[in-house]
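I set out to look up how the chains of this model meet one another. My notes are kept in the order in which I made them.

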Amino acid sequence: MFGNKTIERIEKMLDSAMDGTFSENDYDESKLSRLESKWKRYLHSSQLAKNQLDETKSNLETLIADISHQTKTPMANLKLYSELLGERMNNMPDVTDEDRKLLSQINAQMEKMDFLIMSLTKMSRLESNIIEVKPVNADVYSFVREITDSMQGSANKNGITLLFDDKDSDMSDNANKALFDTKWTREALSNIIDNAIKYSPEKSTITVSIIPYEMYVAISVRDEGMGIEEGEVARIFDRFYRSDENSDAEGVGLGLYLAREILKRENGYIKVKSQKNKGSEFILYLWRG
Amino acid sequence: MLNVNNKKAIRKISLSGITTNIKKYVILIFAVALTSLLFTALFTIGGSTVKEMQLSTMRQVGGSSHAGLKYLTQKEYDMVKDDPAIKDISYRITVGDVTNKELNKLRTEVNYSEDENAKGGFCYPEEGSMPKKENEIVTSDLVLQKLGVPVEVGSKVKLSINIGGQEITDDFIVSGYYTGDVINASQMLLVSKEFQEKYAPIKTTILPETAYNDYVGWIMADFNFGNSFGLEKKIDGLIKRTGIREDVDYGINWAYVGGSFDAETMVLVGIMLFTIFLAGYLIIYNIFYINVISDIREYGLLKTIGTTTKQLKKVVKKRARIVSVIGIPLGILPGIFVGMCLLPMISNQMNSANVGKGQVHVNILTILVSAAFTYATVIFSANRPCKKAGSVSPIEALRTRENEDAGRKSKKGRVVVLSLSLALVILNSVFSMAKGFSMDKYIEQMIVSDYSVQNATLDNPGIASTDKILDGVTTDFISELKERPEVQDVGNVYIFDDYHLMDDESWKKIQERILSNERFLSEINEMYTGVNGIPTADEYLDMRNSEKELDGATYGISKMIFDKLEVVKTADGSDKLDWDKFNSGNYVLTTCCKDYDDDICIPYFEPGEVIQVGSRDEKYVTYDTAYGMSGEEFEIPNYDNEPTKEYEVYAVVKIPYAIRFQSFGEFQCDYILPEDEFLNLNGDRNPMRTLVDVKDDQEVEFEKWIDNYTSSINPDMKYNSKNTVLEEYKSFSDMLKVVGFTLSFILGIIGLLNFANTMISSIIVRARELAVLEAVGMTGKQQKIKLMKEGLRYFVWTSLFSIVVSILLNITAIKAFMNGMAMFSWQFTITPVLICLPIIGVLVALIPLLVYARMCRVSVVDRLRVE
Amino acid sequence: MILQAMDLKKYYGEGEAQVKALDGVSLSVYRGEFVSIVGTSGSGKSTLLHMLGGLDNPTSGRIIIDDKDISELKGDALCIFRRRKIGFVFQSFNLVPSLKVYDNIILPLELDGCKVDKDYIGSVVASLGIAGKLDTYPGKLSGGQQQRVAIARALATKPAILLADEPTGNLDSKTSQDVLGLLKTTGQKFKQTIVMITHDEEIAQMADRIVRIEDGRIV
């Protein structure tokens with residue numbers, strides 16, 4: 001049987017392998033030393049595989065970055081030309097409504113493409129940790145206040161009331177403090193409010209409120225839209241998910257995915273409650289830390 | 001296999017389970033302490049008694065050393081003294097004997113002794129110092145008293161000392177003295193080195209080559225080994241190793257050779273040990289089991305998170321150990337105290353020499369053994385709870401376990417019923433014994449007259465029968481007694497206790513009646529096995545037949561004694577004997593073979609037969625030389641040449657215990673002659689015993705006189721009075737009661753504790769069930785009745801069980817035991833059980849109520865919430 | 001795949017009185033997944049969880065956890081397997097009342113004689129917000145806190161799979177949210193596979209995947 005020491009050595013070898021600091025100890029005739037060499041070889045080969053994987057991933061990453069970067073100028077140019085075309089069409093007498101419609105279609109698809117590329121870039125950066133989410137202790141109340149204020153315009157444009165309901169908010173010192181990255185969380189919250197605006201009927205209200213928990217501060221965004229099918233709830237956070245019903249609305253199906261990823265990185269999460277034709281509630285749980 | 005080390009986890013779980021649930025474990029610790037108390041008390045009593053016996057044997061033997069080598073020369077002594085096996089060694093040198101006439105009956109040896117040897121031999125001077133000058137001596141106060149010299153340092157005394165046949169008479173000065181012991185075989189008189197060197201120089205030639213009969217100038221070495229086990233082997237080894245002559249005389253101190261307890265005592269101790277073990281087991285097991293049951297969720301939970309069966313068992317075992325570590329020491333001190341209180345009562349009843357009775361000896365061994373027994377009990381008790389905890393199914397533990405508990409009830413109930421019944425049964429047994437202890441019967445046995453006077457050694461069971469003085473009632477005493485106005489009647493008992501040589505005709509009868517009787521043959525076959533140097537039964541019978549001797553005594557009795565004899569058989573069938581006929585000098589009374597056994601009496605001789613009784617007159621005595629255990633030489637009187645006289649057997653009788661010499665030979669064929677005829681046949685002799693009846697109203701004065709006489713005028717004599725016997729009786733029955741009732745009481749407490757514990761846990765386990773019942777409208781009163789009924793179920797079972805067992809035991813074992821002992825007369829008893837049962841009944845009804853009241857402090861809602 | 005259950009059946013009783021608690025359930029769980037099993041009371045979900053955790057034996061079928069067929073394991077071997085590979089979180093918390101919080105958490109490790117990885121335990125405890133409670137006894141904690149301790153204990157051995165049996169069944173809705181959130185986020189953080197059973201649709205929504213069970217079958 002093994003001596004106690006040998007077992008302990010092997011345990012130590014494994015431990016150091018797990019945190020990646022393994023190195024061979026001595027080279028001698030002992031079986032332990034041979035084991036160490038074999039172990040090293042194994043680690044090396046698995047490390048190699050890991051490195052290859054990382055490399056592939058980073059190649060992919062670069063590719064996406066390149067695509068997004070390289071498409072920027074053509075996109076800008078396309079936009080420019082399309083605008084120019086629009087202006088020229090205004091001066092042309094024989095332009096039909098049909099022609100104008102086609103142009104606006106081109107513009108819309110271009111907008112969409114632009115948004116898609118932007119989202120993909122963000123997503124890839126987020127996923128490959130190129131952009132780090134850096135949660136700091138911040139006040140959720142002022143954060144929400146600022147975002148709802150800034151999005152009033154967009155809401156009004158769609159004939160929707162965006163309400164920050166702080167009647168029940170607890171304004172005491174630490175009630176609304178949480179650990180989050182303001183920049184990225186803004187992205188997430190805006191995406192969700194944006195979605196709500198997009199999918200809500202006119203004259204409806206979107207209510208934003210803060211619910212403090214012991215471990216989390218939750219931001220609830222409640223709309224009076226069409227709601228989500230029960231079976232779909234789990235899928236709405238998938239990449240490129242779009243409901244069949246609103247395939248006509250704008251969007252590329254990355255917003256919720258991004259929002260979920262962002263909150264995950266802040267040790268928080270998103271939850272959805274929805275009832276068909278009555279509306280949905282998205283709740284963002286920010287970890288207090 | 002190399003296993004992972006999880007001791008720490010086990011320890012942590014075990015310990016914290018106790019510290020956070022201390023209330024639950026306090027009762028367990030209390031139970032362990034109680035068990036430890038009982039064991040410690042028992043071992044304190046047992047240990048002290050053994051120690052006392054050992055001490056008294058030592059004093060009889062006259063030394064505390066493990067062993068001794070005798071009759072050594074200086075050279076031989078030097079050979080052994082540095083042997084590594086010997087822890088300490090010291091010696092004395094034999095000088096001679098004191099031959100002063102006053103010391104005729106107090107054998108006094110003269111020795112030179114080293115200080116250490118004197119200390120080991122209990123003769124180091126308590127006052128004064130060891131002798132230094134030639135004319136200085138140290139001796140015992142008894143010797144000084146006998147010599148009529150004041151017991152103080154500096155007294156002058158004239159001594160005659162026999163040194164190897166040469167007698168020296170000189171004046172000596174007492175340089176010191178020690179307190180002598182009557183039971184000691186011989187008193188010591190220590191002389192100075194100077195004196196010894198002058199008169200008894202150390203021998204230079206070894207014993208076998210020295211002239212016979214010269215016991216002067218030998219070195220007697222006493223020594224101790226590391227321990228007292230296997231002394232015989234050790235001394236053999238010593239002799240071989242040191243190369244000292246193989247035939248050297250050696251002695252082993254009896255005190256260290258076990259076997260000082262008889263079988264009866266061993267059985268008693270065994271029963272006590274078992275009872276305590278059982279009591280401890282019952283309570284510890286029950287409480288432990290209940291603790292495990294109430295913690296079962298915890299054990300199940302531990303199992304779901306991966307604690308193995310083995311580990312769970314370890315946890316419970318560890319808890320048992322922790323409880324032991326706390327509980328055992330708690331019980332030891334009170335145990336010693338209880339032992340100290342009971343010891344005097346118990347040791348008074350022991351058949352031991354009356355030296356230092358009731359002295360408590362507590363040593364580390366007592367404590368260790370008590371602790372070990374308690375620990376063993378705890379561990380044994382924890383066995384099943386361990387298994388229970390280990391066998392927990394994690395799923396079951398996760399569920400509510402009301403149904404599971406139902407099955408347990410009967411088992412727990414059995415323990416409760418058993419422990420309560422045990423207390424009652426023991427109480428009943430003790431009571432019937434105490435009640436059946438018959439004073440008349442006892443006193444009849446112990447004394448047949450108001451007073452009995454004899455030598456102090458006579459009825460002392462601690463003294464070997466050969467050392468007893470059989471003619472201890474002095475002529476002085478008898479003449480003074482005659483002067484006493486209080487005396488109504490006086491009777492003397494004379495005795496020679498040795499053997500009877502038979503003529504051929506008589507021997508033939510003995511052969512027919514006794515030696516070929518099946519009962520005796522089977523006894524003889526049992527005893528004479530032919531192993532270890534013991535002859536075979538046939539060899540023994542051959543020897544008897546060639547010698548034609550039976551051991552037995554010749555008694556001489558006065559009329560008063562004659563009237564107290566129990567008649568077994570007469571020629572004419574009547575049970576009245578005529579003193580005048582007997583006193584004519586032609587008749588003898590004989591006894592039964594084995595007449596000390598109640599149920600059989602086979603007469604040696606039939607009334608009307610003629611037998612020869614041999615004289616014991618000193619004129620005709622010759623002496624044979626014999627050697628004692630330790631090689632010392634002594635003489636045995638031989639009466640074979642004495643003249644004999646013919647007598648006709650008048651009747652076969654039994655001599656009451658209180659009258660006879662209370663020592664028995666193998667056959668004990670006794671002849672009884674009238675006083676005058678006895679003296680006529682044997683020459684002058686003092687009585688062994690004198691019985692006195694006193695006028696009814698004058699006992700106080702007489703007692704005063706006789707007490708004074710036996711304490712200051714002649715302390716060698718001792719008297720028994722009806723009063724002392726009464727006291728003895730009282731102390732015996734007191735002991736019986738105290739020990740029995742203490743035991744019953746403790747067992748009763750244990751039983752009730754068990755019951756309380758069972759009730760508490762059953763109520764706690766069902767707290768939710770009860771709350772549900774309450775929620776659906778069962779009133780508190782109804783619940784209480786429900787619980788009381790449950791308690792009463794135990795009570796009913798206990799009643800049935802204890803009554804049945806008590807009755808059965810009473811009419812079988814106890815009846816047999818009491819009928820076997822003369823001092824008991826059996827009577828059927830069940831009263832104590834009947835008296836105690838209502839008390840238990842009340843408690844049994846009350847305890848659930850108390851527990852329930854306690855539970856009710858928690859609101860129904862809270863109880864409902866508990867899963 | 002970390003867990004695979006194949007055609008699990010559990011029958012109680014015989015003949016007419018036979019109850020099919022599980023009637024041919026097959027289930028696969030992938031590494032790092034958070035799966036919830038939803039079903040009404042009596043649907044067989046608890047039985048399924050007990051089987052998956054090796055607390056109970058199926059009448060037939062196989063369960064493979066971390067490439068080990070646990071139907072082959074018996075008695076103490078199963079117990080040790082459970083200790084090393086499975087973390088349990090129960091509805092009734094099931095903490096050892098006599099041990100302090102910290103000792104409760106490291107108990108499975110100590111039972112295995114392991115050295116405690118203090119950094120790891122520290123981070124688990126911090127994520128669960130019970131760092132300040134380590135020195136108290138479970139009885140002094142609120143239900144939510146107790147359940148958080150139970151989660152920490154389940155995570156302590158870095159088990160292959162964490163099984164949660166109605167983890168919020170004894171908690172109010174607000175605390176439930178906390179506990180579920182923590183279960184989810186710590187599961188994410190420590191890349192833990194979680195299987196949770198519940199009767200509550202909303203709670204089930206927390207998972208990545210929902211499996212529904214009715215009358216002993218997966219629907």
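This is a predicted model: local features need pLDDT of at least 70, side-chain atom pairs count only at pLDDT 80 or more; totals for chains, interfaces and linings use all residues.

**Entry 1: chain A against chain C**

I began with the residues in contact. On chain A, 17 residues touch 21 residues of chain C. I then looked up the area, and found that chain A and chain C bury about 1,600 Å² between them. Carbon and sulfur atoms account for 54% of that area.

**Entry 2: polar links between chain A and chain C**

I next turned to charged pairs and recorded 3 salt bridges between chain A and chain C. In one of these, the side chain of Lys273(A) meets that of Glu202(C), with N to O at 3.7 Å. For polar contacts, I noted 11 residue pairs across the interface of chain A and chain C, both residues being at pLDDT 80 or more. I then traced the elements on the chain A side: β4 (205–212), β6 (269–275) and β7 (279–287) each supply at least two of the residues that touch chain C. The largest share comes from β6(A), with 3 residues. By class, I listed the chain A side as 10 nonpolar, 2 polar and 5 charged residues.

**Entry 3: chain B against chain C**

I repeated the search for chain B. Here 27 residues of chain B are in contact with 29 residues of chain C. The area that chain B and chain C bury between them is about 2,300 Å², and 62% of it lies on carbon and sulfur atoms. Lys12(B), Leu301(B) and Ile305(B) supply 24% of the area that chain B buries against chain C, more than any other three residues.

I recorded 2 salt bridges between chain B and chain C. Lys12(B), already noted for its buried area, forms a salt bridge with Asp103(C), and their closest N and O atoms are 2.8 Å apart. I found 6 residue pairs in polar contact across the interface of chain B and chain C, with both residues at pLDDT 80 or more. Which elements of chain B supply at least two residues each to the side that touches chain C? I listed α1 (7–20), α9 (296–304), α10 (309–347) and α12 (394–398). The largest share, 7 residues, comes from α1(B).

Terms used
Residues are numbered from 1 along each chain as its sequence is written. Chains are lettered from A and ligands numbered from 1 in the order in which they are written. Side-chain values use heavy atoms; hydrogens and water are left out. Contact means heavy atoms within 4.5 Å. Buried area is the accessible area (1.4 Å probe) that two parts lose on being put together, summed over both. A salt bridge is a side-chain nitrogen of Lys or Arg within 4 Å of a carboxyl oxygen of Asp or Glu. A polar contact is a pair of N or O atoms within 3.5 Å; within protein, one must be able to donate a hydrogen and the other to accept it, and residues adjacent in sequence count only if both atoms are side-chain atoms. Helices (H or I, at least four residues) and strands (E, at least two) are DSSP runs, numbered from the N terminus. Ala, Val, Leu, Ile, Met, Phe, Trp, Tyr, Cys and Pro count as nonpolar, Asp, Glu, Lys and Arg as charged, and the others, Gly among them, as polar.
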